[in-house]
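Please open the model in your viewer and keep the selection tool at hand.

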Amino acid sequence: MKLTLKIWRQNGPKDKGKLVDYPVDHVSPDMSFLEMLDVLNEHLVEKGEEPVAFDHDCREGICGMCSLVINGRAHGPQSV
Amino acid sequence: MRSFKDGDVIYIEPFRANSFPVIKDLAVDRSAFDRIIQSGGYVSVSTGAAQDANNLPVPKNDADKAFAAATCIGCGACVATCKNASAMLFVSAKVSQLALLPQGKVEATDRVLNMVHQMDLEGFGNCTNTGACEVECPKGISLDNIARMNREYLKASLIKEK
């Protein structure tokens, strides 16, 4: 799967922040959303760029650390 | 990633609310929730050996409602979704969970006043019963909890001046 990610980048609380385009390729449908971001970050680190900071911990909906708004919806399109 | 298909454009943004300042990129500071919990989201009991299981009978209906409220993981999706950036679903889940159980009833009056007070201090908006929070909540916390918190708050404010 080939995707275009528009990710909010903001250096700190005072920074203005903007959406930055990131193309990603070879995304498996079996990946979780956060795993897809892990792959993106790996590529960014390899290229010497700053990886995208995002909150995560248990990654299975128990701890409440996840906090992404995906396509305008908190936690993405899937609902309970 | 099964919800997406090849060629999709995906917008990824942080939880947006004045009370949740961005730390960096997609990470936001949700310590406002911690401060609300510190203001009353607990039960003061003496520690020691666990008491006998049936010492405090709890009706099954109350236990179920308290459990459903207790499933809130405090992620903040309710705040991010709410047009008023209201934290009422979160706070009401915590208030309900404890107010429904005999262990929590002792401090119920102070708890609801303190937690709502802290919620207002943190700058969260008020509830206008839109119900978006209930839809986006990953744990399916019911809007009924907000009604219960409002009842608890009204009851508490009649008894006590804060």
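A polar contact is a pair of N or O atoms within 3.5 Å; within protein, one atom must be able to donate a hydrogen and the other to accept it, and residues adjacent in sequence count only if both atoms are side-chain atoms. This is a predicted model, in which local features need pLDDT of at least 70 and side-chain atom pairs count only at pLDDT 80 or more, while totals for chains, interfaces and linings use all residues. Residues are numbered from 1 along each chain as its sequence is written, chains are lettered from A in the order in which they are written, and side-chain values use heavy atoms, without hydrogens and water.

Select the interface of chain B and chain A. Across this interface, 22 residue pairs are in polar contact, both residues being at pLDDT 80 or more. On the side of chain B that touches chain A, strand 1 gives the most, with 6 residues (strands are DSSP runs of E, at least two residues, and helices runs of H or I, at least four, numbered from the N terminus).

Next, select Arg30(B) and Asp55(A). They form a salt bridge, with the closest N and O atoms 3.3 Å apart; the term requires a side-chain nitrogen of Lys or Arg within 4 Å of a carboxyl oxygen of Asp or Glu. The count between the two chains is 5 salt bridges.

Finally, select Lys94(B), in helix 4 (residues 88-99) of chain B. Lys94(B) is buried yet has no salt bridge (buried means under 20% relative accessible area, with a 1.4 Å probe and protein chains only). The nearest side chain of opposite charge, Asp34(B), is 9.6 Å away; Lys and Arg count as positive, Asp and Glu as negative, and His and the chain ends are not counted.

Notes: Buried means under 20% relative accessible area, exposed over 50%, partly exposed in between (1.4 Å probe, protein chains only).
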